Amino acid sequence: MRLRRLPAVLLGVALAAGSAPTATGAAVDRDGADNGSRPAPRTVDGWPTASPSSVGLRGRAIRRGAAEARRLDSTCFAVLRDGRLVEHRSWRLPRDEPREVFSITKSVTSTLVGIAVRDGDLRLDDRVSTYVPQWRGTPSESVTVRNLLANDSGRFWSLQSDYVDLLTARSRTRYAVSLPQQYAPGSAWAYNNAAIQVLEPVLERATGMPVARFARKRLFDPLGMTRTSFVTDRADDAAVFYGLRTTCLDIARLGRLHLGRGRVDGTRIIDRSWVREAVGRSSTVHNAAYGFLWWLNRPGALRGATDPVDAQGQPVRPTSGQLAPSAPEEVFAALGFGGQVLLVDPTTRTMVVRLGLPAQPGEEAYGFTNAARVLTRAVR
């Protein structure tokens with residue numbers, strides 16, 4: 001199942017709010033070159049390299065995956081297993097140049113909440129109104145941090161609000177906080193960017209520092225994500241629902257953290273129990289494919305980002321199944337508009353990363369299933 005793409009009228013808005021790559025050219029250096037004329041370096045951006053066969057992967061399947069990624073306007077593609085880089089290609093941009101990854105940002109935000117929970121600064125079942133006083137005494141007073149992470153907060157959602165008004169607001173946080181409650185908390189699911197943006201003041205007030213600084217100090221620097229940063233709006237609020245700028249090999253470090261169940265190189269960043277909650281089980285009965293701001297391959301009721309709903313917020317055309325039936329149920333992914341994918345398989349400790357240009361309306365787009373196909377074909 002491919003998640004529904006945004007209507008064409010919204011594409012320009014989303015791109016204008018971020019930064020779309022514009023450089024052109026062929027693949028760069030060995031990890032992105034097609035001729036293979038030079039020997040592979042022992043490390044690339046700190047990742048030790050290995051041949052596919054040495055880690056139990058089929059090289060031909062990976063090369064086919066890279067070719068498909070290039071055909072679908074990717075700017076980078078990588079496959080890693082057991083902490084080793086077995087394939088990396090870059091097109092149009094140098095591999096170390098950060099690029100917009102849209103809603104992959106949400107999964108980073110989820111991890112920041114996990115750090116704050118480990119620190120004791122907040123709890124999953126805290127009422128958001130503890131940190132957002134404007135909601136006290138309103139229908140939103142009982143919305144919890146867990147509801148925001150599971151996307152079942154019941155906060156107001158519409159295409160106009162979420163993909164136009166929110167993006168153009170001077171303060172996206174102020175706009176998001178000011179929206180009304182649409183449904184009772186926990187009663188309906190929506191891929192709600194504005195609701196997720198409310199995690200910005202929650203994190204700032206819980207941790208005592210701006211989100212961008214907290215992310216740098218507690219996540220990016222410890223993981224070695226040196227080319228990753230949040231963007232801020234005109235009010236200097238970090239955009240926590242989209243807007244992260246990163247690279248294929250930087251964002252793979254977020255996947256490695258979750259493969260390590262919250263620990264990297266002997267350092268614990270998030271609790272093991274948080275990883276289980278965030279990517280190991282469905283967070284809501286309304287969508288089996290959703291954890292805490294991560295997409296899952298769990299079977300059950302499925303919801304896409306812009307599925308039509310009725311007056312009670314329930315899907316007009318209920319769907320069930322899996323995002324990628326041929327892939328293991330344990331697979332999870334950080335996904336962003338236009339086919340930005342960090343796919344992680346804890347059963348084989350394999351990751352597939354693809355970043356690139358969003359497809360134009362009517363064109364074939366890269367997605368969860370493309371990355372899952374690389375995984376299933378490559379693993380021996």
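Predicted model: local features only at pLDDT ≥ 70, side-chain atom pairs only at ≥ 80, totals over all residues.
A helix, as the word is used here, is a DSSP run of type H or I with at least four residues, and helices are numbered from the N terminus.

The patch consists of Arg60, Arg63, Arg64 and Arg377. Of these residues, Arg63 can be located in helix 3. Arginine counts as positive in this description, which means that a patch built from Arg60, Arg63, Arg64 and Arg377 is called positive.

Helix 3 also contains a pairing of charges. Side chains of opposite charge can pair when their charged atoms come close. Glu68 and Arg71 form a salt bridge, and their closest N and O atoms are 3.9 Å apart. Both residues belong to helix 3, where they are separated by 3 residues, or about one turn of the helix. Across the whole structure, a search finds 16 salt bridges.

The largest pocket holds about 340 Å³ of space. Its lining comprises 13 residues, and those nearest the centre are His258, Arg261, Val275, Gly280 and Pro346. Two or more lining residues come from each of helix 11 (248-259) and helix 12 (272-279). Helix 12 supplies the most to this lining, with 4 residues.

Key
Residues numbered from 1 in each chain as written. Heavy atoms only, no water. Patch = residues over 30% accessible without salt bridge, like charges linked within 9 Å, V, L, I, M, F, W, Y side chains within 5 Å. Areas by Shrake-Rupley, 256 points an atom, 1.4 Å probe, with all protein chains shown as cover. Salt bridge = Lys/Arg side-chain N within 4 Å of Asp/Glu carboxyl O. Charge placed at Lys NZ, Arg CZ, Asp CG, Glu CD. 1 Å grid on protein atoms, 1.4 Å probe; cavity = no way out; pocket = protein on both sides within 12 Å on 5 of 7 lines; lining within 4 Å. Points joined across faces, edges and corners; volume = space filled by probe spheres on them.
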